[in-house]
Amino acid sequence: MAAPTLKNCPVCHKLFLDKGYGVCNNCLQEQNETKQKILQYVQEHPGCTVSEIASALNAPMKLIKYLREHGDLVDLGAAIKYPCKKCGALIDRGTYCRACTSEFAEANQKIQQRVQSAERLSDLSKELKKDNSPKKKVKLRMHFINMHDDT
């Protein structure tokens, strides 16, 4: 473990000795209490959304999303729905819905094909430059053969 460092708490902005939690002891305790409230709410309200939790408990969305992304809420069997980052459709896992994931995969495949085509064109261009490179100039000398022997 790294040595504790002196920092400002990102939540309350007080100076504290960070031992690896990223927040001061008071804010850490508050976050843990809020986490417990969130977990209890999710158990009592299966299928709730992140925004429902946030409004019911006045809890920070960032903390709820953190718990969701780290599987703490899924471990309770909660089917928490949250919006896809691209289209806003409600999903229960990952960052993007299946439709957006498919769209990204198709776009990625097209990009890969274009990259491969560009690489092939580059290779062909290099080959053509090699073939058209100036050759060493050879001095041609004409030799005449005397076909009339006047001797």
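## What lines the largest pocket

Sort the lining of the largest pocket by class and you get 10 nonpolar, four polar and four charged residues. Here Ala, Val, Leu, Ile, Met, Phe, Trp, Tyr, Cys and Pro count as nonpolar, Asp, Glu, Lys and Arg as charged, and the others, Gly among them, as polar. This is a predicted model, where local features need pLDDT of at least 70 and side-chain atom pairs pLDDT 80 or more, while totals for chains, interfaces and linings use all residues. Residues are numbered from 1 along each chain as its sequence is written, and side-chain values use heavy atoms, leaving out hydrogens and water.

The lining has 18 residues, with Val-11, Val-23, Gln-31, Lys-62 and Leu-63 nearest the centre. A pocket is an open set of points on a 1 Å grid over the protein atoms alone where a 1.4 Å probe fits, with protein on both sides within 12 Å along at least five of seven lines; lining residues have an atom within 4 Å of a point.

## Who supplies the lining

Helices are DSSP runs (H or I, at least four residues), numbered from the N terminus.

## How α1 meets α2

The axes of α1 and α2 (residues 50-57) come within 11 Å and cross at roughly 120°. Axes are lines fitted to C-alpha atoms over the stretch in contact, with angles from 0 to 180 degrees between N-to-C directions.

On the α1 side, Lys-37, Ile-38, Tyr-41 and Val-42 touch Glu-52, Ile-53, Ala-56 and Leu-57 of α2 (contact means heavy atoms within 4.5 Å). By class, that's six nonpolar, no polar and two charged residues.

Note on methods. Helices (H or I, at least four residues) and strands (E, at least two) are DSSP runs, numbered from the N terminus.
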